[in-house]
Amino acid sequence: MGDGGFGFMMEELAMACQHKIPIIVVIVNNGYLSLIRQNQRYAYEYEYAVNLHYDGGGIDFVKLAESFGAYGERVTKPNDIRSAFERAVKCGKPAVLDIIVERETDCSMGGSLDAVREFV
Ligand SMILES: Cc1ncc(C[n+]2csc(CCOP(=O)(O)OP(=O)(O)O)c2C)c(N)n1
Ligand SMILES: [Mg+2]
């Protein structure tokens, strides 16, 4: 899920820890509410209240995971994703992989299926 989306429901991680349910949360972390950022930029030509880095310092999802009693790991290189995922599987408890991605890559989007715009 996105970093913003994880913020909407991160308390569920505490529930998973309490009940020892070894889910793995993979965060695609661009430091933005990017769907909203894109919509603002392309539909309204402004950008407002969508930056989750808070003046350069983002939420530390690894520490957050650890504070709940879960396993946490940050990944910054694509080649490290597989081994991080293997460690998350092996740890036997709820885990969060905080995968850092490019901040302003645009995704396909549109107001209807036949009006989806691709950003290459
Ligand atoms: C509870 C809730 N609040 C607001 C929204 C509106 N919303 C849809 S996508 C989005 C941004 C999500 O950001 P992120 O999860 O970081 O994904 P990104 O687009 O950056 O990949 C928001 C706020 C929502 N879907 N659900
Ligand atoms: Mg995001």
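Trainee: Which elements each supply at least two residues of the shell around ligand 1?

Mentor: The elements are α1 (3-9) and α3 (34-44). Helices (H or I, at least four residues) and strands (E, at least two) are DSSP runs, numbered from the N terminus. Please note that this is a predicted model, in which local features need pLDDT of at least 70, side-chain atom pairs count only at pLDDT 80 or more, and totals for chains, interfaces and linings use all residues. Residues are numbered from 1 along each chain as its sequence is written, chains are lettered from A and ligands numbered from 1 in the order in which they are written, and side-chain values use heavy atoms, with hydrogens and water left out.

Trainee: And which element gives the largest share of that shell?

Mentor: That is α1, with four residues. The complete set around ligand 1 is Gly-2, Asp-3, Gly-4, Gly-5, Phe-8, Asn-30, Tyr-32, Leu-33, Ser-34, Leu-35 and Ile-36; a residue is included if one of its heavy atoms lies within 4 Å of the ligand.

Trainee: How many of them are nonpolar, polar and charged?

Mentor: Five are nonpolar, five polar and one charged. Here Ala, Val, Leu, Ile, Met, Phe, Trp, Tyr, Cys and Pro count as nonpolar, Asp, Glu, Lys and Arg as charged, and the others, Gly among them, as polar.

Trainee: What lies 2.8 Å from an oxygen atom of ligand 1?

Mentor: A backbone N or O atom of Gly-4 does, and so does a polar backbone atom of Tyr-32. For Gly-5, a polar backbone atom is 2.7 Å from an oxygen atom of the ligand. Taken alone, ligand 1 exposes 590 Å², and the protein buries 56% of that; such areas come from the Shrake-Rupley method with a 1.4 Å probe.

Trainee: Let us turn to the metal. Which residues are the protein donors of the magnesium ion?

Mentor: The donors to this ion, ligand 2, are Asp-3 (OD), Asn-30 (OD1) and Tyr-32 (O), lying 2.1 Å from it. Donors are N, O and S atoms within 2.8 Å of the metal (3.2 Å for Na, K and Ca); water is not among the atoms, so sites may look incomplete. In sequence, the donor residues are spaced D-x26-N-x1-Y.

Trainee: Are Asn-30 and Tyr-32 buried or exposed?

Mentor: Both Asn-30 and Tyr-32 are buried. Buried means under 20% relative accessible area, exposed over 50%, and partly exposed in between (1.4 Å probe, protein chains only).

Trainee: Where is Asn-29, and what does it touch?

Mentor: Asn-29 belongs to strand β1 (residues 24-29). Its relative accessible area is 8%, so Asn-29 counts as buried. Neighbours within four places in sequence aside, Asn-29 is in contact (heavy atoms within 4.5 Å) with Asp-3, Phe-61, Asp-98, Ile-99, Ile-100 and Val-101.

Trainee: What about Leu-64: buried or exposed?

Mentor: Leu-64 sits in helix α4 (residues 61-68), and it is buried because its relative accessible area is 16%. With neighbours within four places in sequence left aside, Leu-64 is in contact with Phe-6, Met-10 and Ile-59.

Trainee: A last topic, the backbone. What is phi of Lys-20?

Mentor: Lys-20 has a positive phi of about 55 degrees, although it is not a glycine. Lys-20 lies in the loop between α2 (11-18) and β1, and its relative accessibility of 70% is why it counts as exposed.

Trainee: And phi of Ala-49?

Mentor: Phi of Ala-49 is near 60 degrees, again a positive value in a residue other than glycine. Ala-49 is in the loop between α3 and α4, and with a relative accessible area of 64% it is exposed.

Notes:
Polar contact = N/O pair within 3.5 Å; in protein donor to acceptor, adjacent residues only side chain to side chain.
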